[in-house]
Amino acid sequence: MSRQALVVGAGLGGLLCGRILSREGWHVTVLEQGIQAGGALQTFVRGGLRFDTGFHSVGGLGPGEPLEQVFRPLGLMDLPWYQVEADEFINCDLPFMRLSSQTEDEIAHVADPFRQSVWRLRGGGKMLVDALREGLDVQLRKKVVEISDRSVTCADGSIYGADIVVSDLHPLSTFRMVRDHVRPAYLKRLEKLQNGPGAFTVNVALKPGVLPYVNHSIFLDGEVMIHFGEADENGFARSLDLLRFVQPGYDREAVAKELIEHASKRLPDLPEAILQYWTSTPATWERFTGTPGGSAFGVVKHSPAEYLSAVTPLPWLFLTGQNIGLHGVLGTSIAAVNTCNSIKNVCDTL
Ligand SMILES: Cc1cc2nc3c(=O)[nH]c(=O)nc-3n(C[C@H](O)[C@H](O)[C@H](O)COP(=O)(O)OP(=O)(O)OC[C@H]3O[C@@H](n4cnc5c(N)ncnc54)[C@H](O)[C@@H]3O)c2cc1C
C-alpha cells in the first residue's frame with residue numbers, strides 16, 4: 001500500500017510538494033482553506049479581464065537556468081511560457097525587493113535569475129496551479145485548525161490521518177495548531193521570526209486602444225512596480241497592476257491615487273487610459289492566504305544560518321513554502337524540492 005501524505009495549504013509550496021511526493025508513489029491529499037487553490041498564485045476576473053495576484057513574471061526559466069531545472073522534470077516546461085524583455089529600472093536597481101526588507105543574501109538569490117531571463121505564462125498563475133493539481137486530491141474549503149499525532153482536524157470537524165503531514169503555512173501558524181509536545185526552544189525561535197511588509201496592489205482595467213503594451217516589468221524610484229497584463233491583438237494593454245509595499249496605518253484610497261500618479265511619471269497616458277480599478281491590501285492577503293500581517297514574502301532571513309529546516313521536532317511533520325527557504329516562485333520551488341528530500345531522508349530511516 002502506498003504511503004499517505006497530508007499537505008496543509010495548496011499554495012505553490014504545498015502543490016509542488018504534493019506533485020513530487022505523488023510522483024514518488026505517495027498518496028497525497030492537499031487541504032486548502034480557500035475556494036481556489038494556488039495561495040499567492042490565485043487569479044481573479046473583474047470586468048472580463050483576468051488579474052494575477054502574486055505571480056507576474058519569473059526569472060531563470062531558460063535552458064539550464066535554476067527554475068528550469070526544477071520545472072522540467074515535473075513536466076511544467078510544457079506550459080505556454082514566453083520570454084519578455086529584461087526588467088526596466090528607473091532611479092533604482094532592485095528596490096522592490098530591498099524595500100520588502102529582505103537581506104542582501106536573499107535579494108541576490110531571488111534577483112539573480114531575473115537577470116538571466118524573465119518569463120511570463122500565457123493564462124497566468126492559474127495555468128501553473130491547474131497543472132500542479134493534476135493527479136492530486138486537492139480538497140477546497142478545508143481550513144485546518146488542529147494538527148496532532150499524524151492527523152489534522154478541519155474547521156468543519158473532518159479529521160484526516162496520514163503517515164506524514166507537510167505544512168505550507170507560516171511556521172508559527174503551523175505550530176500554533178500543533179497539540180503535541182514541542183520543545184520550548186523551538187517554539188521560541190518561531191516566535192522571534194520577523195515577517196516582511198505586505199503589498200498594496202492596484203489592479204487597473206484599461207480602455208482599449210489607449211495605452212501601448214509594454215513587454216517588461218518596470219521598477220520606479222524604488223517604490224512602485226508596474227506589471228502589464230497580456231497585449232490585445234493590436235498591441236495595446238488591457239490591464240496592468242501597480243504594486244508597492246505599505247506599513248500599517250495607510251489610507252487605502254490615498255495610496256491608490258498616489259500609486260497611479262507615481263506610475264504616470266513613466267506612463268503619462270495612464271490616467272486617461274483607466275477604465276476602472278480595484279485595490280488589495282495586506283489585509284486582503286491575510287484574509288486569502290492566512291499569511292500573518294499579509295506579509296508578501298514572509299519570513300525575513302538575515303543570514304543563511306537562520307533559514308528554517310523543513311524537518312521539525314516532530315518526525316512526521318515537515319515544513320515547506322516561502323517561509324523556510326527563499327521567496328518567489330523560484331525560492332518556493334527550491335524549498336519544495338528540499339522538503340521532499342528531507343522527507344525521503346527521514347522516512348527512509350524510520
Ligand atoms: C503581491 C505579490 C506579488 C508577487 N509577485 C511575484 C512574481 O511576479 N514572481 C515571483 O516569482 N513571485 C512573486 N511573488 C511571490 C510568490 O507569489 C510567493 O513567494 C509564493 O507564491 C508563495 O507560495 P507559498 O506556497 O509559500 O505560500 P502561499 O501562496 O501563501 O500558500 C499558502 C496556502 O495555505 C493556505 N492556508 C493558510 N492557512 C490554512 C489553513 N489553516 N488550512 C488550510 N489551508 C491554509 C492558504 O490559503 C494558501 O493557499 C509575489 C508575491 C506577492 C504577495
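**Reading salt bridges**

Author: Arg72 has a relative accessibility of 49%, so it counts as partly exposed. That label covers values between buried (under 20% relative accessible area) and exposed (over 50%), using a 1.4 Å probe and protein chains only. The model is predicted: local features need pLDDT of at least 70, side-chain atom pairs need pLDDT 80 or more, and totals for chains, interfaces and linings use all residues. Residues are numbered from 1 along each chain as its sequence is written, and side-chain values use heavy atoms, without hydrogens and water.

Reader: Which side chain does Arg72 meet in a salt bridge?

Author: Side chains of opposite charge can pair when their charged atoms come close. A salt bridge puts a side-chain nitrogen of Lys or Arg within 4 Å of a carboxyl oxygen of Asp or Glu. Arg72 meets Glu68, at 2.6 Å from N to O. Glu68 is buried, at 8% relative accessibility.

Reader: How many salt bridges does the structure hold?

Author: Ten. One of them joins Lys126 and Asp130, again at 2.6 Å, N to O. These two residues sit four apart in helix α5 (residues 125-133), so about one helical turn separates them. Lys126 is partly exposed at 41%, and Asp130 is partly exposed at 34%. Elsewhere, salt bridges with shared partners connect Arg50, Asp52 and Glu230 in one network.

Reader: Where in the chain do Glu88 and Arg266 lie?

Author: Their closest N and O atoms are 2.8 Å apart, in a salt bridge. Glu88 belongs to strand β7 (residues 88-90), while Arg266 lies in the loop between α8 (252-264) and α9 (270-273), 178 residues away. Helices (H or I, at least four residues) and strands (E, at least two) are DSSP runs, numbered from the N terminus. Arg266 is partly exposed, with a relative accessible area of 25%.
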